[in-house]
Amino acid sequence: MNKPKVTLYTDGACKGNPGIGGWGALLKYGEHEKALFGGNPDTTNNRMELMAVIEGLRTLKRPCIIDIYTDSKYVMQGMSEWLVGWKARGWKTANKQPVKNVDLWQALDTEAGKHEIKWHWVKGHAGHDGNERADALANQGAASITRP
């Protein structure tokens with residue numbers, strides 16, 4: 001059975017770092033699109049970048065071939081360079097420190113393991129349509145959070 005080919009654009013936003021944050025994900029499959037967003041009242045930009053990818057992947061009901069576009073070098077390098085070492089060291093950095101955001105990295109590792117993924121970095125706020133739309137969704141996620 002052929003796996004569906006999906007494109008996923010993701011972005012995170014934070015008003016203050018830490019502060020109120022939002023994440024956005026735009027999935028495209030053929031002529032179909034699905035826009036997702038959410039937020040958190042007390043978070044960081046990196047956590048929102050990770051959540052965008054995790055939530056985008058969680059919506060997929062079966063294994064897919066996915067092109068993921070992100071403007072987060074943190075997420076891209078984490079998945080393509082750092083993850084193998086972190087796991088080999090029991091979720092410790094090369095300096096033997098605990099990996100920051102380990103809960104989200106583990107969730108992303110689990111979700112990503114279900115698919116064939118190619119990672120793409122795009123410059124943020126540079127007119128890339130998918131990234132601009134994901135950015136708008138992330139800001140919508142942050143705006144959906146009311147201060148306690």
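Begin by selecting strand 2, residues 19-29, together with strand 3; the two run antiparallel and are joined by 10 bridges. Strands and helices here are DSSP runs (E, at least two residues, for strands; H or I, at least four residues, for helices), numbered from the N terminus, and two strands pair if DSSP finds at least two bridges between them. The model is a predicted one, in which local features need pLDDT of at least 70 and side-chain atom pairs count only at pLDDT 80 or more, while totals for chains, interfaces and linings use all residues. Residues are numbered from 1 along each chain as its sequence is written, and side-chain values use heavy atoms, with hydrogens and water left out.

**The sheet**

Within this pair of strands, L27 has K34 of strand 3 as its bridge partner. Follow the chain from strand 2 to strand 3: the hairpin has two residues between the strands, and G30 takes a positive phi near 60°.

K15 stands opposite I20 of strand 2. Three residues lie between strand 1 and strand 2 in their hairpin, and G16 in the turn has a positive phi of about 95°. Stay in this loop and select P18, which is found between strand 1 and strand 2. The peptide bond that joins N17 and P18 is cis, with omega about 15°.

Which order do the strands follow? The sheet is open, has five strands in the order 3-2-1-4-5, and shows mixed pairing. Its edges are strand 3 (32-43) and strand 5 (116-121), each of which pairs on one side only. Neighbouring strands are turned by 20° against each other on average, direction ignored. Helix 2, residues 73-88, packs on the sheet, where it touches strand 4 (65-70) and strand 5, and its direction makes about 140° with that of strand 5. Such angles run from 0 to 180 degrees between N-to-C directions, with axes taken as lines fitted to C-alpha atoms, for helices over the stretch in contact.

Return to strand 2, where nine of the 11 residues are buried; buried means under 20% relative accessible area, exposed over 50%, and partly exposed in between (1.4 Å probe, protein chains only). Select L26, which lies in this strand. L26 counts as buried because its relative accessibility is 1%. Beyond residues up to four places away in sequence, L26 touches T7, L8, Y9, E33, K34, A35, R133 and L137, where contact means heavy atoms within 4.5 Å. A distance label from L26 to N45 spans 18 Å between C-alpha atoms, for two residues 19 apart along the chain.

Move to strand 5 and select H120. Is H120 buried or exposed? H120 is buried, since its relative accessible area is 17%. Leaving aside neighbours within four places in sequence, H120 is in contact with D67, I68, Y69, T70 and M76.

**The largest pocket**

Select V6, Y29, T59, L60 and K61, which lie nearest the centre of the largest pocket among its 13 lining residues. A pocket is an open set of points on a 1 Å grid over the protein atoms alone, where a 1.4 Å probe fits, with protein on both sides within 12 Å along at least five of seven lines; lining residues have an atom within 4 Å of a point. The space in this pocket is about 280 Å³, a volume being the space filled by probe spheres set on the points, which are joined across faces, edges and corners. Strand 2 and strand 3 are the elements that give two or more residues to the lining.

**Two loop residues**

Select K96, in the loop between helix 2 and helix 3 (102-112). K96 is not a glycine, yet its phi is positive, near 65°. K96 is exposed, with a relative accessible area of 66%.

Finish at H125, in the loop between strand 5 and helix 4 (129-143). H125 also has a positive phi, about 55°, without being a glycine. Its relative accessible area of 59% makes H125 exposed.
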